Amino acid sequence: MPPDLLSIGEVADRAGVAHSALRFYESEGLISASRSGGGQRRYHRSTLRRVAFIKVAQRVGLSLEEIRGALASLPQSRTPTKIDWARLSAAWRPRLDEQIAVLQRLRDELASCIGCGCLSLGACKLYNPGDAAASLGTGPRYLLSDARPVEGGQ
Ligand code: FES
């Protein structure tokens, strides 16, 4: 087997994913494989980078749709270059910055009111009286995107 072609087992072992995950990614059009004479999947070594990207993106909470959109921006007929990945990274920067901000709020503000509607903390009386945050949308508004009102005012 040419050195730049890997079996499903080799990709699964190196990437730390199950064979079924690779078949799933393939069925979702996120990665592609050729077939050997015996019909077995053969992945180009560059697939490892795509799988790594998929795993990390999922880990930080990005959807399969977002991941698919990003991978679709990469050339399908050749191995993506540094420039291709840099272009993807630049396009994703705002989305990742937003995700980083949510993770930072989760890390730093979970001990206070997150505007989720529970009204279970003393801080809720101050920051979310009568669940005012509900008017901003669903979920923990102060973690997701909306700034918590400043003490004693809006
Ligand atoms: S923490 Fe849930 S409403 Fe304040």
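Helices here are DSSP runs of H or I with at least four residues, numbered from the N terminus. With that in hand, let's work through some exercises on this predicted model.

**Exercise 1. Now try L119: which loop holds it, and what is its phi?**

Step 1: L119 is found in the loop between α5 and α6 (122-127).

Step 2: Its phi is near 50°, a positive value in a residue other than glycine.

Step 3: With 42% relative accessibility, L119 counts as partly exposed.

**Exercise 2. Describe how helices α3 and α4 pack.**

Step 1: Two packed helices are described by the angle between their axes and the distance between the axes.

Step 2: Read them off. Helix α3 (residues 47-59) and helix α4 (residues 64-72) pack at about 145°, and their axes are 10 Å apart. The crossing of α3 past α4 is right-handed.

Step 3: List the residues that meet. From α3 come R50, F53, I54, A57 and Q58, and from α4 come L64, I67, A70 and L71.

Step 4: Sort them by type. The contact of α3 with α4 has 7 nonpolar residues, 1 polar and 1 charged.

**Exercise 3. How many aromatic pairs are there, and what are the details of F24 with Y25 and F53 with W85?**

Step 1: Start with the count. Rings pair if their centres lie within 6.5 Å, and this rule gives 3 aromatic pairs.

Step 2: Take F24 and Y25. Their ring centres are 6.2 Å apart, with 55° between the planes, and the pair is tilted. F24 is partly exposed at 36% relative accessible area, while Y25 is buried at 6%.

Step 3: Take F53 and W85. This pair is also tilted, with 5.8 Å centre to centre and 55° between the planes. F53 belongs to helix α3 and W85 to helix α5 (residues 82-109), so the pair ties together parts that are 32 residues apart in sequence. Both F53 and W85 are buried.

Step 4: Look around W85. F53, W85 and W92 form one aromatic cluster. The charged end of R49 sits over the ring of W85, 4.6 Å from its centre.

**Exercise 4. How far apart in sequence and in space are I100 and V60, and R35 and P2?**

Step 1: Begin with I100, which lies in helix α5. I100 is partly exposed, with a relative accessible area of 42%.

Step 2: Compare it with V60. I100 and V60 are 40 residues apart in sequence and 8.7 Å apart in space, C-alpha to C-alpha.

Step 3: Move to R35, found in strand β2 (residues 34-35). R35 counts as partly exposed at 43% relative accessibility.

Step 4: Compare R35 with P2. They are 33 residues apart in sequence and 13 Å apart in space, C-alpha to C-alpha.

Step 5: Finish with the contacts of R35. Not counting residues up to four places away in sequence, R35 touches E26, Q40 and R41.

Definitions and conventions
Residues are numbered from 1 along each chain as its sequence is written. This is a predicted model: local features need pLDDT of at least 70, side-chain atom pairs count only at pLDDT 80 or more; totals for chains, interfaces and linings use all residues. Side-chain values use heavy atoms; hydrogens and water are left out. Axes are lines fitted to C-alpha atoms, for helices over the stretch in contact, and angles run from 0 to 180 degrees between N-to-C directions. Helices (H or I, at least four residues) and strands (E, at least two) are DSSP runs, numbered from the N terminus. A crossing is left-handed if the near helix is turned anticlockwise from the far one by less than a right angle, and right-handed if clockwise. Contact means heavy atoms within 4.5 Å. Ala, Val, Leu, Ile, Met, Phe, Trp, Tyr, Cys and Pro count as nonpolar, Asp, Glu, Lys and Arg as charged, and the others, Gly among them, as polar. Rings of Phe, Tyr and Trp (its six-membered ring) pair if their centres lie within 6.5 Å; planes under 30 degrees apart count as stacked, over 60 as edge-to-face and the rest as tilted. Buried means under 20% relative accessible area, exposed over 50%, partly exposed in between (1.4 Å probe, protein chains only). A charge sits over a ring if NZ of Lys or CZ of Arg is within 6 Å of the ring centre and within 35 degrees of the ring normal.
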